[in-house]
Amino acid sequence: MPDYNRITVPNTLKDTYSFEEIINLREKLFSENISQLDMSRVGFIEPYSMVSFAILGREYLRNTGKKLTLVNIPLNINQYLYRMDFFKTGIFENTDKLDPKYYFKRSSLSKSVIEITEIPGKERESIRVISDVIATFRKRADNILKYWLFGSIVDYFVTVISEICQNIFEHSIDSGFLAMQTYSYSSEHIVRLVISDSGVGIRESFTGKKEISVDSTASLIEKVLTTPLSSKRDFGYGLCQVNTIVEKLGGSIYIRSDDASVSVVHNKKYNSTTKTFQKTNLAPFPGTQLSVTLTT
Amino acid sequence: MEAILLSNRYRMIISLSRLARELKVTSPDLITRPMGRSFFKKVASRLSCIQDGETILLDFEDIRVVDSSFIAEFIMKLIFESQSNTQRFYVKLSSLSDTTIMNIESVFKSYHSMNNSKIAVITDELINNSYAIGQVSDKGKDIINYLNINKSASAVELASFLQEESGYTAHLLEELHSLGLVKTETGRNTVLYCAI
């Protein structure tokens, strides 16, 4: 009998929706005292899944005092995780240390990413990190947004990064992570900005606002995207402003918080239509995960 | 007071990029509530020397993004202060980037929708055919544009220009004045409305 419990991670780190399968394993991680995650089946990881995976590992570390160990990581996945500074977060043990000769290069031309970065939960430190992230983004924006370089798009994304990151120290009562990447999937080019925390979640942050009545967390998420509500002040602008910008860019927003998610898809190609999809009764997951996506 | 240049008796020009350097902000972006609060504190400390009727010109040259949090803590608070200060002063914005304009418009719209109270500010450039951002009616914009060219006019002249009744025009002018979008000056026998 091995002295560890291991589960195999399914190949579902491909997008926001398939990552739900990983969240469904969360309870098992704790109840079966899992200590190793077999990554051999994972064929692709995109930024939302990577950041959410980090949130999951951090929760495990906080609750058990132990790090989950990743084993049998395919070379391309390991290269990607090293490139995104995933292991620098100190959340996971990695038995498959990557030989530096296999590292992805970090030349100026390959900088179509912002590596995973912790956004502190305290105001002063957080502002410093947000400014650093934005400075990095500005330096790399020509590569990150190379398929979307028009008008004020770089400045729009600066606003989005700033607004969402501030929500972490203002509302979540925890720290979070940010990552951004341009990648290709099937025949599409995708740029995805992900900002997530493992804090109290949107519903709980609004518990003091009795005047805001909604029937579900998903409805509340949709409301904060379309109405200037704030859990701390008379009104707030952040998520509402982000939604306005994403609408201008013809992109999509995905927000998951607690046991609900909302996707808002602004499609410029088809008569500038906007479609909103709510999901409720998902497996609980701490905090708020947000992803902004543009596709070609 | 390096950041403040007095170009004439009635105008205080504040360069935001210079103020940013004073506050050790090296980025071209003015973001976050705490940063907005520190900028407001810095400017508020200089309001003691402001004269009644003076305009503060906020020059955003070299500033790329002003986010909604900064707008709420700096621009909006300065506008509210201009309306409540014992010395009435006026706020005008200059050299705004497209993103900053969009963010200000959005914040003002949100404020209006949640608070049922109007907020607007004068700019030194035409934005969507108007020298004001915020909740201003088309007739109000016409008055602001007229004053921008003619510098000052009486209520009678403005009513004639708008082809509106004097009562309606007076009400409109009162609203524009209370929002800080026009100034008043007392002439020989009449009150003149002036551009900011």
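Two strands are taken to pair if DSSP finds at least two bridges between them. The model is a predicted one.

**Domains of chain A**

Chain A is divided into domain 1 (6-102) and domain 2 (108-295). Taken over C-alpha atoms, the centres of domain 1 of chain A and domain 2 of chain A are separated by 22 Å. To the contact, domain 1 of chain A contributes 28 residues and domain 2 of chain A contributes 32 residues.

**The parallel sheet**

An open sheet of four strands in chain A has the order β1-β2-β3-β4, and its pairing is parallel. At its edges stand β1 (6-8) and β4 (92-94) of chain A, each of which pairs on one side only. On average, and with direction ignored, neighbouring strands of this sheet are turned by 30° against each other.

**The antiparallel sheet and its helices**

Chain A also has an open sheet of seven strands, in the order β5-β6-β7-β11-β8-β9-β10, with antiparallel pairing. The edge positions are held by β5 (113-119) and β10 (273-279) of chain A; each has a single partner strand, so one side of each is left without a neighbour in the sheet. From one strand to the next, the twist averages 15°.

Strand β8 (residues 252-258) of chain A and strand β9 (residues 260-267) of chain A run antiparallel and are joined by six bridges. Opposite Ile255(A) stands Val262(A) in β9(A). Helix α6(A) packs on this sheet, where it touches β5, β6 (176-185), β7 and β11 of chain A. The direction of α6(A) makes about 25° with that of β7(A). Helix α8 (residues 217-226) of chain A lies across β8, β9 and β10 of chain A and runs at about 40° to β9(A).

**Domains of chain B**

Chain B is likewise assigned two parts, domain 1 (1-135) and domain 2 (136-196). Their centres, taken over C-alpha atoms, are separated by 23 Å. In chain B, 22 residues of domain 1 are in contact with 16 residues of domain 2.

**Cavities and a pocket**

The structure holds four cavities of 30 Å³ or more.

| Space | Volume |
|---|---|
| Largest cavity | about 470 Å³ |
| Second largest cavity | about 70 Å³ |
| Second largest pocket | about 410 Å³ |

The largest cavity is lined by 34 residues, of which Glu163(A), Asn167(A), His171(A), Gly238(A) and Leu239(A) are the closest to its centre. Two or more lining residues each come from α6 (153-172), β7 (188-197), α7 (201-205), α9 (238-249) and β11 (285-295) of chain A, together with α3 (68-84) of chain B. Helix α6(A), which packs on the seven-stranded sheet, gives the largest share of this lining, eight residues. By class, the lining of the largest cavity has 14 nonpolar, 15 polar and five charged residues.

The second largest cavity belongs to the domain boundary of chain B: both domain 1 (1-135) and domain 2 (136-196) give residues to its lining, so this cavity lies between them. Among its lining residues are Lys92(B), Ile122(B), Thr123(B), Tyr131(B), Ile144(B), Leu147(B) and Asn148(B). At least two lining residues each are supplied by β7 (120-127) and α5 (138-150) of chain B. The most comes from α5(B), with three residues. The lining of the second largest cavity divides into nine nonpolar residues, two polar and one charged.

The second largest pocket is lined by 16 residues; the closest to its centre are Ile127(A), Ser131(A), Lys24(B), Val25(B) and Met35(B). Helix α5 (123-144) of chain A and helix α2 (33-44) of chain B each supply at least two residues of this lining. The largest share, seven residues, comes from α5(A). In the lining of the second largest pocket, seven residues are nonpolar, four polar and five charged.

Methods: Residues numbered from 1 in each chain as written. Chains lettered and ligands numbered in written order. Predicted model: local features only at pLDDT ≥ 70, side-chain atom pairs only at ≥ 80, totals over all residues. Heavy atoms only, no water. 1 Å grid on protein atoms, 1.4 Å probe; cavity = no way out; pocket = protein on both sides within 12 Å on 5 of 7 lines; lining within 4 Å. Points joined across faces, edges and corners; volume = space filled by probe spheres on them. Nonpolar A, V, L, I, M, F, W, Y, C, P; charged D, E, K, R; others polar. Axes fitted to C-alpha atoms, helices over the stretch in contact; angles between N-to-C directions. Domains from an automatic or database assignment. Contact = heavy atoms within 4.5 Å.
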